[in-house]
Amino acid sequence: MRIWSVANQKGGVGKTTTAVTLGGLCALRGERTLLIDLDPHGSVTAYFGYDPESIDNSVYDLFQLNKIQTDQVRPLIRETSVEQLHILPASTAMATLDRQLGSRDGMGLMIAQTLKLLSEDYEQVVIDCPPMLGVLMINALAACQQLVIPVQTEFLATKGLERMMRTLNMIERSRHEPLPYMIIPTMFDRRTRASWDTLGVLQQHFGQYLWSSYIPIDTNFREASRAGKPLCHFMPSSRGVQAYRELLQQLCGEGDARQVAAL
Ligand SMILES: Nc1ncnc2c1ncn2[C@@H]1O[C@H](COP(=O)(O)OP(=O)(O)O)[C@@H](O)[C@H]1O
Ligand SMILES: [Mg+2]
């Protein structure tokens, strides 16, 4: 089982789009794939037609369990419109988890424990994170083997990234091992100065951790979310999908050696 988290402490940078598209591409390869929605906004959940306001059986319920068991976890998982792609949905009630759980022991490892029980069920797991640091983000970073950090190629993009790096340092101290990560420039617009400037700043500061390519701006992503399917399932040759396909190869170690070394 390969587990990725997609995180950045800034909203609107392409996290959900990245999680859904990477998950969709894994499913298209025929791999059993699970998308976990850890954002109380429930964007992945809504993407696949479930209502995070009214859904029962979600990540929220997982956090209410005293002892996580396989027969309690499996009923929380739903099918999507896409074969081989399942989701563990979010509900808006998850926004209360931080206050509810406080610093109760063991709460940071709920998702890691859940995935251990599902290790035979799925080959790929992609976790979509909320933009704020809290028990849900900590769970994602504790459970994953690789971290994907989308960064919008816009002014101020590096602000959320600095916070994310501090969080990463904190998590690495409690994991007692480094968490490999890759920064992904998103919504890159070749025609704008802001895109090129931001790419330059990222190269300067994050060199070896920066993906050598970028995700271009592609308005089809918005259409895809309306259709409730990953873009790769109805526009496989769009520019955005091609870029995510390259990214997936890189993350799976099938690409260029320099970036694989960075992971
Ligand atoms: N490469 C892209 N090109 C154009 N629009 C994009 C791209 N990636 C994401 N978007 C759009 O930008 C908005 C924010 O993206 P989203 O993935 O929801 O970000 P986040 O999860 O970080 O808040 C959405 O409307 C999405 O459709
Ligand atoms: Mg999101």
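Is C144 buried or exposed? I looked it up: C144 is buried, with a relative accessible area of 2%. Buried stands for under 20% relative accessible area, exposed for over 50% and partly exposed for in between, with a 1.4 Å probe and protein chains only.

I note that this is a predicted model, where local features need pLDDT of at least 70, side-chain atom pairs count only at pLDDT 80 or more, and totals for chains, interfaces and linings use all residues. Residues are numbered from 1 along each chain as its sequence is written, chains are lettered from A and ligands numbered from 1 in the order written, and side-chain values use heavy atoms, without hydrogens and water.

Next I searched the whole structure for disulfides (pairs of cysteine sulfur atoms within 2.5 Å) and found zero. For C144, the closest cysteine sulfur is in C129, 7.5 Å away, too far for a bond. I also checked C26: its closest cysteine sulfur, in C252, is 6.0 Å away, again too far for a bond. C26 is buried, at 0%.

Then I turned to pockets. A pocket is an open set of points on a 1 Å grid over the protein atoms alone, where a 1.4 Å probe fits, with protein on both sides within 12 Å along at least five of seven lines; lining residues have an atom within 4 Å of a point. The largest pocket holds about 560 Å³ of space. Its lining has 27 residues, and G14, T17, M187, F221 and R222 are the closest to its centre. The second largest pocket holds about 160 Å³. Among the residues that line the second largest pocket I listed F63, R104 and Q113.

Note on methods:
Grid points are joined across faces, edges and corners, and a volume is the space filled by probe spheres set on the points.
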